[in-house]
Amino acid sequence: MPYLSDSSRAALERVRTGDAENETDALERLRDIRSLLEELQKDPATLAAVREAIGNGIGWEAIAEAACLKPAAAKWRWQGTDADIAERHEAGRKRAARPSNVPTDLPGLSVGEAAARFGVSSQAIYLRITRGQLRAETVELADGRSYKRVFPDDSPAS
């Protein structure tokens with residue numbers, strides 16, 4: 001496949017010449033296959049084919065179908081200039097690199113944790129907060145996310 005990059009051709013060759021009969025190499029085969037997929041995703045030939053298709057008047061729906069994607073995903077990957085694409089992909093990598101959505105170092109308990117501690121539902125915890133039986137605060141993070149936190153040790157007895 002002369003249109004593929006050297007790294008894609010090398011990954012393809014590793015898959016092609018792998019030992020399919022040797023069960024001990026199953027993990028190595030899996031690594032080779034994943035490596036090939038990753039190389040093909042970033043291969044310049046992929047973007048060149050998309051741009052050629054767009055230049056020939058082919059729509060995003062057909063391009064997405066050929067790539068086994070939804071049109072929005074195809075546009076996200078390949079629409080715009082090289083700089084636009086690189087910027088979107090870098091932002092996506094940063095989002096993916098974030099740790100858990102919910103920080104683990106927040107004060108107090110989450111509503112769910114408080115409910116488990118008291119053996120009641122989350123709704124019961126909210127009711128106790130409304131009635132003043134439990135102290136709770138909304139903690140807002142620098143990125144704008146906010147979390148309701150319950151402080152059962154600081155609350156009047158219920």
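In what order do the elements of the protein run from the N terminus on? They follow the pattern α-α-α-α-α-α-β-α-α-β-β, and the protein has eight helices and three strands. Helices (H or I, at least four residues) and strands (E, at least two) are DSSP runs, numbered from the N terminus. The model is predicted: local features need pLDDT of at least 70, side-chain atom pairs count only at pLDDT 80 or more, and totals for chains, interfaces and linings use all residues. Residues are numbered from 1 along each chain as its sequence is written, and side-chain values use heavy atoms, with hydrogens and water left out.

The strands form an open sheet of three with the order 1-3-2 and antiparallel pairing, where two strands pair if DSSP finds at least two bridges between them. Strand 1 (109-110) and strand 2 (135-140) are the edge strands, each pairing on one side only. In general, strands of a sheet pair through backbone hydrogen bonds, either parallel or antiparallel. Strand 2 is joined to strand 3 (residues 146-151) by six bridges, and the two run antiparallel. Within this part of the sheet, Val139 stands opposite Tyr147 in strand 3.

Aromatic rings may next be considered. A search of the whole structure finds zero aromatic pairs; for such a pair, rings of Phe, Tyr and Trp (its six-membered ring) must have centres within 6.5 Å, with planes under 30 degrees apart counted as stacked, over 60 as edge-to-face and the rest as tilted. Charges do sit over rings, however: Arg135 lies over the face of Phe151, at 4.2 Å from the ring centre, and Arg128 lies over the face of Phe118, at 5.3 Å from the ring centre. The criterion is that NZ of Lys or CZ of Arg is within 6 Å of the ring centre and within 35 degrees of the ring normal.

The whole structure contains nine salt bridges, each defined as a side-chain nitrogen of Lys or Arg within 4 Å of a carboxyl oxygen of Asp or Glu. One of them joins the side chains of Asp32 and Arg14 (3.8 Å, N to O). This pair links distant parts of the chain, with Asp32 in helix 2 (residues 26-42) and Arg14 in helix 1 (residues 6-17), 18 residues apart. Asp32 is buried, at a relative accessible area of 11%, whereas Arg14 is partly exposed at 36%. Buried means under 20% relative accessible area, exposed over 50%, and partly exposed in between (1.4 Å probe, protein chains only). By this criterion, buried residues make up 23% of the 158 residues in the protein.

A second salt bridge brings together Asp82 and Arg51, whose closest N and O atoms are 2.7 Å apart. Asp82 lies in helix 6 (residues 82-97) and Arg51 in helix 3 (residues 44-55), so the pair ties together parts that are 31 residues apart in sequence. Asp82 is partly exposed, with a relative accessible area of 48%, and Arg51 is partly exposed at 36%.

The side chains of Arg31 and Glu28 meet at 3.6 Å, N to O, and both residues lie in helix 2, three residues apart, about one turn of the helix. Glu28 is partly exposed, with a relative accessible area of 40%.

Finally, Val15, Ile33 and Leu37 make a nonpolar surface patch of about 220 Å². Patches are made of residues with over 30% relative accessible area and no salt bridge, like charges being joined within 9 Å and nonpolar side chains (Val, Leu, Ile, Met, Phe, Trp, Tyr) within 5 Å. The areas come from the Shrake-Rupley method with a 1.4 Å probe; for residues, only the protein chains shown count as cover. Val15 is placed in helix 1 and is partly exposed at 31% relative accessibility.
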